[in-house]
Every structure is written in structure tokens, then in C-alpha cells.
Amino acid sequence: MSEPSRKTAESPAAPDKDVDARAARKVAEEARDAEWRLPSFGKQLFLGDFRLDLVHPHPRPDEAARRKGEEFLERLRELCATKIDPAEIERTARIPDGVIQELRAIGALGMKIPERYGGLGLGQLHYGRALMIVGSVNPALAALLSAHQSIGVPQPVKLFGTAEQKETWLPRCAREVSAFLLTEPDVGSDPARLRSTAVPDGDSYLLDGVKLWTTNGVVADLVVVMARVPKSEGHRGGISAFVVDMSTPGITVEHRNAFLGLRGIENGVTRFHQVRVPAANLIGPEGAGLKIALTTLNTGRLSLPAICAAAGKWATKIAREWSRERVQWGRPVGEHEAVARKIAFIAATSYAMEAMLDLSGQLADDERNDIRIEAALAKLWSSEMACRVADELIQVRGGRGYETAESLAARGERGVPAEQLLRDLRINRIFEGSTEIMHLLIAREAVDAHLSVAGDIIDPEASREDKVRAAARAGGFYARWLPTLVTGAGQRPGSYAEFGALARHLRYVERASRKLARSTFYAAGRWQGRLEYKQGFLGRMVDIGAELYAMSAVCVRAQADAAASTASAASTASSDSAESAEPLAGGGATAPGRSALRLADAFCRQSRVRVEELFDGLWRNTDDLDVKLARQVLGGEFTWLEEGVLDPSIPGPWIAAAEPGPSERDGVHRTIP
């Protein structure tokens, strides 16, 4: 390999570790899609405009897509039931190569890749259902498929790649494993501090840097790498996305990470040293890397709700079977109110997770709506609620819930991996945007309409003229908008009558949507530019929106399921085909019928209690006190509280050094034959 030319661009200095907050926000703001080209149910919900017409009637796949999807799901279900041993994966902390080869053989590595490139061409709906099946067997295996197809090489190339890039990379992605590399040892949700660099050198780039938590990186054939290109003559520079073949010299996977759960996950630390990447491997223009990443995640985030929905369905099954079998004080434990409440929560929440997943997935397939908020809400809400479901399942199971499946089986009982469920699900509150980051991301999108008209008023760098113009725009916008928050369909008793008993809940959603919009407006007026620092308020605001979206999805889903079951029964009676009236519920032959309405009603009642608590918490909380106390803790005022215990941590720095340079370790990368 020739020495890199220093005439094209100078080696960039690593970004300042102390990038100020304003610079970091600027990088994040430039990466988001500032335009709303399509309507958004979620955006309007936060504005107090309950656009039920955007999600009702429940969208459905066309018959050809449905048949293709169901045929693949049947093959996948058979493979997972007969060829995968989940206990072996948990015991050895490794997915056998043979399992991945079997999945490759039926097309599971190319589910979302168009057929012309060798994939199956499935839509998001059936892709989500496929992840549910795989995730129910072993979530680490679902993580492998998801990291490859939701955020790995196929999706960004499909969305942003040139025709030549699609022809080059997508056929490989249909049979090889890929990964997405953004995070670094000292860079998480703040990409402004990204240190990996790609220095232009003739018709290629020289890539240097260290990437952390590279899911699939240990076994990947191809990866998408985010690296900073220095600005120079002929190069606009900025964080950019590159497809990199892992067989390229200079790449070392230095470590395979181990975690609380997902014990079969192939996640590692990857070092790049003077890795020559052809310019043809750049996806999109220089500087577009973060925008590509965020756009990919708009639908990519729906993979985690699929895994959560699968967990909920399995938890419902185990809770039902165990709570009928276990008898205490003369009755099955499920008949005692303390346990019955947990079972009701598990079942109702599981139905809601699947409803949100399927609705969001079908909206993505229809491509008629902007679903960035809906997908983010589904990820946020499902990852939080699934952990609660798993925790309640362990409580229902008692001591057996805390015992491993292998131990239970060894002493002669059914090996139910309830504790593994909780361990495996916990990462979903961190993966692909932690709960805290999701709160801020969704809040930013939710208040976009306000910032677009009034942002300059609170921007300290805006000129006086800009502030005056913004004030004029804001006056016109709010003169039109505020009156719409006074009254609406939710106050009319006959609204949404086609939903029967569920109509009351949709009326509540409409009223709560307007109340949420009024609360947000009041908060913006009260705190103005300081609102971005009121993360407790913003988090509760987003959580209210998530619950309202969940209720909407559940009501629309239950009404469609009930209507389909009624139509199917009538069609069967007249000996007609009932294909067009197939219920939406996936994963089995049992139609939900009108029982879906009862489940939906129960969920909405539970959700409304949570919403009222969140509304109360907007203004009655200890946020300011907590921030003050935290500063005192960080300042060392309470170190006396830490006395009297020992720290079992293994010595070492909090954050490992990640200076560029050649690797000093043996590589652990392996290729699946």
C-alpha cells in the first residue's frame, strides 16, 4: 500500500473533547430532516389535531404481499421450531454457524432487499412479524437479523445508494452479514465529537478510528462506517457514510463484548488503521452520514418493537398457563387479585405492543405518511413496557421466575427462561437511542411547528430583524392554531360511533391531544429557550403522546379485528371466500373476534390512568430539586454516604483510550461460511 498523499487533505485533528452544547446541537439539527413532505399522525397528535383518518381504516397489505409474506413466515416458523436450540445459544453465548446458514438458505438475510437484487422483497409489516418469530426463540438471533437489515448496509444503500452501489452491494447483503458502526468509546448520542476520520487520498479515503459496540461486527462481511472527512479543496467534509469490506487490510476486531443479556450477540470493538476505502464506497455526498443514519432509523427502529411484542405474547402465554396451574390458599394464583392485575397488565400491554408494531409497519409500507414520530414512539413505549411486562412475569412466577431455565429443567420442572427474558429485553431501552435520548428526539420533532415559526424569537444569535419577522409569523400562526385547541370531536358524545364501546377512548385521546398541545404551548411561553433543559417535562410530554398513540393503534386494530371476524363468519355461512376479511392479528390461526374489543377496552382504561398521572406530573414534580441535589452529589457533598462498603469493580479507566494507530491485539473477527 502506498503512502497516503498529503496534498489532497491534511490529517484532521481529533474534535475537541469539550465540544460545546451549541455546536453539538448544530450538528444534530443539521442531520435531521427539516421538511415534512407527507402527513404525520404523530406530529398532528402533539399539535392537538387528532387525525384519525391517517390511521383508520387500518391499512392492510395487498393480497400478493400478504401471500408472499405469509409463505415466508411459515418456512421461518418451521425452521425456528426444528433447527434452533435456544438453550444452546444461551449456554454457549454463540449462535451456531449452521443456524445462520439455515436462515440464509430460506432468504432471511435478505427479507427487505428487493427481489431484483436477490432478496425476498418483504414489506416492513411481514419483516416485523418475522423478527417476532425469531425473537421468541432467541432475541440475540433477532438482533443479528435486525442489525444487518434494519440499520446495516442494505437499508442505507437501498435508500441513498447509486444504481451501481445497489448492484454491487445488495446482492451480497442478501447472503452475507452486515453491521452499522457509529458509536465510539467516547462518542455515543453526541456525534459532534466523532473522532474516526476518512482522509481523501486520490480516488479513495484512508479510514482511521475505533468503533465500539459494533453489533454483528465480529462476524460481518460488510459494514457501514461513519467517519469524519476533513474539509479541503474539492471536499465539503463532514461526517460521512462508507461501505467497507471487512476483508480490507488494516481492520482488526479487537474484542468480542459480553453483556447482561443477548448472550449470543456478535458485538465487538473494531479498529481501523489506514484502511483504504474506494471513493465509490461513499454513500451519498460527504457530510450526509448522520442524515443517512437518522433516515435509516426512521423505520429501522421498528425492529425493537417487534422483539418486544414477541416477548409480550410469550409472557402472556406463560402467565396464563402458570397462573392456572399454581394453587395457593385453595385457588389458582391467577384468581387472586394481586396476581390477576399483573396478568391483565401483561395481556393488555402485549396486545398494544403488537397493535403499535403492525400499524407503524403498514404505514411504513404504504409510504403515504411520514412515520418518524410513530416509529420513535413505538420504540420508546414498547422497550419500556416490555421490561415492565418481563418484570411482572418474574413476579408472577415467584422464585421460579428468578431461577434459570437450565436449573429448573435439571431439577425436573419446565425450563421457563423468564429471568433471561428480563436480561435480554433490558438493552432495548438503550439500543438505537436510549429512552432519555428518544424523549429529546421526539420532543424536538413534536415542537417543530413552533420552532419553525417562533424559533428566532428565543435564538440568542438571531438578529433583531429576524426576531421581529419571527414575532410576526408567530402571531399569525398562533392566532389560527390556538382556537382549535378549545373544543373538538372529543367533547361530542356521538363522535367515533363506528368504534362502539371503544369510541369513548378515542374521544379521550382527542381531548388529551388538545390538552397536551395547550400544556406544551404554556411551557414554551413560560420557559422559552430554557425549555430544552426541562427534560423531565419533555419526557412526560412525549410519554403522554406515546400512550395516546398506543390507544389509537389499539382501538383501530381491535375494531378492524372485530369487523374482520364478523365478516369472516358471515362469509363462511354463505360459503364465500373470507380472504379479504382476514383478521390483522398475526402469528396463528386463532381469530381474535370480539374478544379483541374487551382487550382493547382494558388496555385503554389502564393507559388512561397512566396518562392522567403524567399530566399531573407535568406541573407537580421534584425536577428542580432533583437537579440541584444531583449537582451536590456530583460535587462530592455526600461522599460520606458511600462509606461502609467495598467496590468490587475491576480497576481501569472509565473510558478506554481509543487513539488511532495500528492494533496491538490479535483479531477475533470470523466469517460465517
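**Helix packing and local backbone features in a predicted model**

Let me begin with helix α7, which is mostly covered: 11 of its 11 residues are buried, where buried stands for under 20% relative accessible area, exposed for over 50%, and partly exposed for what falls in between, with a 1.4 Å probe and protein chains only. Helices (H or I, at least four residues) and strands (E, at least two) are DSSP runs, numbered from the N terminus. The model is a predicted one, in which local features need pLDDT of at least 70, side-chain atom pairs count only at pLDDT 80 or more, and totals for chains, interfaces and linings use all residues. Residues are numbered from 1 along each chain as its sequence is written, and side-chain values use heavy atoms, with hydrogens and water left out.

The buried residues of α7 are P139, A140, L141, A142, A143, L144, L145, S146, A147, H148 and Q149. At the start of this helix, a side-chain oxygen of N138 comes to within 3.1 Å of the backbone nitrogen of A140.

The loop between α5 and α6 holds R116. R116 counts as exposed, at 64% relative accessibility. Its side chain joins that of E167 in a polar contact of 3.1 Å. A polar contact here is a pair of N or O atoms within 3.5 Å; within protein, one must be able to donate a hydrogen and the other to accept it, and residues adjacent in sequence count only if both atoms are side-chain atoms. R116 and E612, by contrast, are 496 residues apart in sequence and 50 Å apart in space, C-alpha to C-alpha.

Now to helix pairs. Two packed helices are described by the angle between their axes and the distance between the axes. The axes of α3 and helix α6 (residues 124-137) come within 10 Å and cross at roughly 10°. α3 is therefore roughly parallel to α6. On the α3 side, the contact is made by A65, R66, G69, E70, F72, L73, L76, R77 and C80, and on the α6 side by H126, R129, A130, I133, V134 and V137. Axes are lines fitted to C-alpha atoms, for helices over the stretch in contact, and angles run from 0 to 180 degrees between N-to-C directions. Angles under 35 degrees count as roughly parallel, over 145 as roughly antiparallel, 65 to 115 as roughly perpendicular and the rest as oblique.

The second pair is helix α13 (residues 372-397) with helix α16 (residues 418-425), whose axes come within 9 Å and cross at roughly 160°. α13 is thus roughly antiparallel to α16. From α13, A386, C387, A390, D391, L393 and I394 meet A418, E419, L421, L422 and L425 of α16.

A309 counts as buried, at 0% relative accessibility. Setting aside residues up to four places away in sequence, A309 touches M132, M353, E354 and L357. A309 and S382 are 73 residues apart in sequence, yet 7.5 Å apart in space, C-alpha to C-alpha.

Is S323 buried or exposed? S323 is buried, with a relative accessible area of 3%. A polar atom of the S323 side chain lies 2.7 Å from the backbone oxygen of A319. Beyond its neighbours within four places in sequence, S323 is in contact with I318, P332, V333, G334, V339, I343 and V396.

A cis peptide bond, with omega about 0°, joins H56 and P57, and P57 lies in the loop between α2 (41-46) and α3. L262 has a phi near 45°, a positive value in a residue other than glycine; L262 sits in the loop between β6 (251-256) and β7 (267-278) and is buried at 6% relative accessibility. Y496, likewise not a glycine, has a positive phi of about 60°. Y496 belongs to the loop between α19 (464-481) and α20 (503-527), and is buried with a relative accessible area of 14%.

Definitions and conventions:
Contact means heavy atoms within 4.5 Å.
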